[in-house]
Amino acid sequence: MRSKMWKLATLTATGFFVLALLLVGGGLAYRAYRHGVLAKATVIDPVHGIDDALFTKIGGIDQWIGVRGQNRDNPVLLLLHGGPGIALSPMPRDFLFSWTRDFTIVLWDQRGAGKTFGRSGPVAAEVTKDRMAQDGIEVAEFIRTRLGKSQIAIVAVSWGTAIGVRMAKARPDVFSLYVGSGQSVNQGKYRRLAYSQLLAEAHRRNDRQAIEELEANGPPPYDSVSKATVHTKWANRYEPGQLSRGRLISTVVFDSNASLTDLRDYVRGLTSSQDHFREAVEQEDIPSLGTSFAIPFFVFQGALDNVTPVAPVQEYVDRVTALQKKLILIPNAGHNAIATRSDEFLKLLLEHIRPLALQSR
């Protein structure tokens, strides 16, 4: 009897093992297929364009930079990712590919984030936002030399706007213009407004789970990253155009070129960067840096942003003095409009940014 049971258990275990191998093999085969499809759909002619990724010394450490564009004569956009720590290197090849026809796009995994974390580790204890901004300036100088450009444009998202404003003010000779989205103003002061907005939206939807979690979490300021994450979770859940959880997992597993090591580094970089800059984010007061800019200043803001609300952004832009300034609200878009409404964002770039950027190549 025991012999029969042992044989049955062995056969069952073997069956599960074979099934697991088939599932893994099938998943790897589908991942290879998706990579092939995306590679064909995003080919860039090396004669006229550039498709490059590399590490270079920035601020004394190796930092990762990706450069893609279909025509080297196009204006250059330096994207400053959000977070802190939300690197863009894991994004699939077709991320913002439609932009590469009219712009050369520079992705940079900031100090302590993504591939830069993987190569150089977390942000050191003494690193400040000013050091991050200086890194950004050094990235811009590197790109200017590499591509033979006199100036490049900043496109900053969320946390990246706190870095980008500093860069724009410090070196107007390097940067032709500034574009912010999910514009930071004063998180310590206005996060309560964002919380009220988000909680009101949960009540409007009669979403009991969201109401319970948000009310249990309470309004900011938050004394931990985990509490801040509750707000971000529901802001993302309600944002129009956000990928479903299943689609997001599928994108990461099958479309992204990121390896398991890359994904591990992404998570570790995100958590360590959030921990390091948590108080600095809460204490941020962008207007205190000065509201006068020597370059054109634009903000393309999601009209439904529940992280950096529109009202204080409008007040901030009203106070800005610049060669040219404009706040444009993107309808039916939230905090991540650059990703969820990338086509609308591109239209704004083509209408308002490209003509100016072409003058300063």
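Where is the place of Gly60? Gly60 lies in the loop between β1 and β2; helices (H or I, at least four residues) and strands (E, at least two) are DSSP runs, numbered from the N terminus. Residues are numbered from 1 along each chain as its sequence is written, and side-chain values use heavy atoms, with hydrogens and water left out. The model is predicted, so local features need pLDDT of at least 70 and side-chain atom pairs count only at pLDDT 80 or more, while totals for chains, interfaces and linings use all residues.

**Confidence**

The pLDDT, the predictor's confidence in each residue from 0 to 100, averages 89 over the protein, and 92% of the residues score at least 70. Over residues 4–23 the pLDDT is below 50, and this stretch has zero contacts in the model beyond near neighbours in sequence; contact means heavy atoms within 4.5 Å. Where pLDDT is low, the predicted coordinates should not be read in detail.

**The sheet**

Eight strands form an open sheet with mixed pairing, in the order β1-β2-β4-β3-β5-β6-β7-β8; two strands pair if DSSP finds at least two bridges between them. Strands β1 and β8 (325–330) stand at the edges with a single partner strand each, so one side of each is left without a neighbour in the sheet. From one strand to the next, the twist averages 20°. Helix α3 (residues 129–147) packs on the sheet, where α3 touches β1, β2, β3 (76–80), β4 (104–109), β5 (152–157) and β6 (175–181). The direction of α3 makes about 130° with that of β1.

The C-alpha atoms of Gly60 and Ala29 are separated by 40 Å, with the two residues 31 apart along the chain.

Strand β7 (residues 297–302) pairs with β8 in the parallel sense over six bridges, and Val299 has Leu327 in β8 as its bridge partner. His352, in helix α12 (residues 342–358), counts as buried because its relative accessibility is 16%. Not counting residues up to four places away in sequence, His352 touches Phe298, Phe300, Lys326 and Ile328.

**Helix pairs**

Two packed helices are described by the angle between their axes and the distance between the axes. Axes are lines fitted to C-alpha atoms, for helices over the stretch in contact, and angles run from 0 to 180 degrees between N-to-C directions.

| Pair | Axes come within | Crossing angle |
|---|---|---|
| α5 (residues 187–204) and α6 (residues 208–217) | 8 Å | roughly 150° |
| α6 and α7 (residues 225–238) | 9 Å | roughly 150° |

Helix α6 is roughly antiparallel to α7, and α5 and α6 are likewise roughly antiparallel to each other (angles under 35 degrees count as roughly parallel, over 145 as roughly antiparallel, 65 to 115 as roughly perpendicular and the rest as oblique). The crossing of α6 and α7 is left-handed, and α5 passes α6 in a left-handed crossing; a crossing is left-handed if the near helix is turned anticlockwise from the far one by less than a right angle, and right-handed if clockwise.

In the contact of α6 with α7, the residues of α6 include Gln209 and Glu213, and those of α7 include Val230 and Trp234. Between α5 and α6, Tyr195, Leu198, Leu199, Ala202 and His203 of α5 meet Ala210, Ile211, Leu214 and Glu215 of α6.

Methods. Buried < 20%, exposed > 50% of the residue type's maximum accessible area, 1.4 Å probe, protein only.
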